[in-house]
Amino acid sequence: MVNFHINRLLLTGLMVITVLLLFSCEAKNPGSPSPNQAPDTFISVASPGNVTTISWYGTDKDGFAEVFYYQWDGDADWTRTETLSATFNDVFTSIEDMRTFYVYAEDNIGERDATPASVTLTPSDARPETKITSGPDFGSKTGEDVTFAFSGEDFDAGGAVTSFMYTMDDLSTWITVPVDVNWARFEGLSTGPHTFYVKAVDNLEAADTSPASRTFIVEGATFTPAITNLSPVSDGGGWFAGATLVFRWNADANYYSGQLAVAPYSYSMNDATNFDESPKALASGWNTSTEFAVTPGAGDQTFYLKVRDTAGSISLLKIGISAAQPAFDKGILVVNGVSSGAYGDEIETAWADKMYFGDYDVDIWDLFGTMSTPEVVAIADLKAAGYDYIGGGGPCGPDVLKDYSTVIWLGNDYQGDLDDWLLSPILPYLQAGGNVLLASRLAADFCDDNLTSYLNIGWREGAAAGSAGNGVTLSECKAVYPGLVDMPGAGLSLTNVFSGGGFMEDSSIDDNVTLWDGNTIFQSGSSFLLFAHRSSAYDASYPFSYVRGIGVWAAPNFGTADANKGNFVLIGGRHYRYDHEPFKANMSYIIGNFFGE
């Protein structure tokens, strides 16, 4: 009995232990996994504007965010991406617009964030700025017609100004124009103060909140266009009878913010009909031309010009001239266009050696006006010897040129002498029978199409046809006309050379120039080749096409009773750097034999 009772207690204890062990094992190994946890999504950066960039990221407690899906409010579909940002253009349609962006993550087993991250955006508040670029200044006095021009700039990334709004005086009523219409014209404004306002508008319809403005005062139609006379003569001046005179001018109404009429000019010669402030035209009618060419006969002549603006205001210009056959009774005038201040001894010793005129008596005109000073020793010596300094400080007008049968012009194309040449009536002087010798570096700059045609040449730069450019540096100046001599020198840079016009058109002519026999004359029409240049690398292996012209003589009356009239001689190069004595000998020969002095 005892043993059975013990055994039963033992069995009961074993059973309790087994149940506890089973319960313990079941607690340590549940037998089924926990459910997957969805990812979370976050927006980290949102930069709104014309170009909007948004960044995001995702987290997952039991995995990782593998892809993302996003959309804007109003989109029908979601966009899948594996990136962490995106940039969007033109999200907003106006400065007041509001948009919401959504994005959610999907983890590595395909579960999605059920509550997408979102952000609601409005455009940045950067607005365009406006500037008035032209028009009446603050407080300026104007006529009754004014014009303003303006510009705008948008500082948003990817933004742009798309239009302008402007008004005159009335801030309640604005005129809108496209961005390319960046000007405004007002006509017939009342007398008194006025204020013009303008503001730029960008692609989001955001307008400049501080419009640009100008306040000015209208004094009525008391302003008229300003006329500038660009003719070679002024009122009361003289001209060469039978020589072409081109009246030139320009005009503007900018000083009072006015505007010239579409056809603003009317003119006549010797006909004063309607030369008044009425809207009636002169003989030419109303047109756009800014020049008028005539060939006046001997006697007093008058040119009349009317200019009108859009308001009908009229300006008048009258130029009276006295045309006559030139006297040509004072011989030779030497015009100096080389600054003694810039070239010092080079030009002063040339003058002292009389290399430009030899033993001929001459009068002197200095474009710089400095030769009148005693400090210019060479000129002082010449004046003491009886040479007459007649003036200077600007171009030679017809009233000066008409007295001289020959003009020797020493050019340099430096410090303004070229402008004085261009403002002097050289071609009309030649047409009237005067003789001209031009010596200058960059000589092509002095010869417009008319003078180049008169010389019957074509300019070149070395061997590059069609462009005179900066020319070449001479290694020689070879005489190729009987009676002239070679002219050595140093530093003869910036020399324009020529061909064409019948000179050196083929290798046979080049051959003859190179091997000149001292007697052959190279003639093309009424022009004669005087000096030529060969390449510094010239030898038997180089073609004769390297020969280029340096000096030419145009003699339109050659072989006639008027052979000593209308001659034009050109010598290229820095004349003050040629050896003085051979240059002087050539000048004396040309003055005496070509010009008949």
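**Entry 1: a mixed sheet**

In what order do the four strands of the open sheet with mixed pairing stand? I looked this up and found the order β17-β22-β21-β19. I noted that β17 (237-240) and β19 (260-269) stand at the edges with a single partner strand each, so one side of each is left without a neighbour in the sheet. From one strand to the next, the twist averages 30°.

Before going on, I wrote down that this is a predicted model, where local features need pLDDT of at least 70, side-chain atom pairs count only at pLDDT 80 or more, and totals for chains, interfaces and linings use all residues. Residues are numbered from 1 along each chain as its sequence is written, and side-chain values use heavy atoms, with hydrogens and water left out.

Strands are DSSP runs (E, at least two residues), numbered from the N terminus. Two of them pair if DSSP finds at least two bridges between them.

Six bridges join β19 to β21 (residues 299-309), and the two run antiparallel. Leu-260 stands opposite Asp-309 in β21.

**Entry 2: an antiparallel sheet**

I then found four strands in an open sheet with the order β4-β3-β6-β7, paired antiparallel. Here β4 (79-81) and β7 (117-121) are the edge strands, each with a single partner, so one side of each has no neighbour in the sheet. The twist averages 25° from one strand to the next. I traced five bridges between β6 (residues 99-107) and β7, and saw Val-103 opposite Ala-117 in β7.

**Entry 3: strand β10 and its partners**

Which strand pairs with β10 (residues 146-153) over five bridges? I found β8 (residues 129-134), in the antiparallel sense; Thr-130 has Gly-152 in β10 as its bridge partner. With β13 (residues 183-186), β10 pairs antiparallel over four bridges, and Ala-149 stands opposite Trp-183 in β13.

**Entry 4: the cores**

Last, I looked for nonpolar cores (sets of buried Ala, Val, Leu, Ile, Met, Phe, Trp, Tyr and Cys residues joined through side-chain atoms within 4.5 Å). Buried means under 20% relative accessible area, with a 1.4 Å probe and protein chains only. The largest core has 59 residues, and Phe-247, Leu-333, Trp-409, Trp-421 and Phe-568 have the most contacts inside it. Leaving aside neighbours within four places in sequence, I listed contacts of Trp-421 (heavy atoms within 4.5 Å), among them Trp-409, Ile-426, Phe-446 and Phe-568. A second, separate core of 41 residues includes Ile-332, Phe-357, Cys-477 and Ile-590.

Note on methods:
Axes fitted to C-alpha atoms, helices over the stretch in contact; angles between N-to-C directions. Buried < 20%, exposed > 50% of the residue type's maximum accessible area, 1.4 Å probe, protein only.
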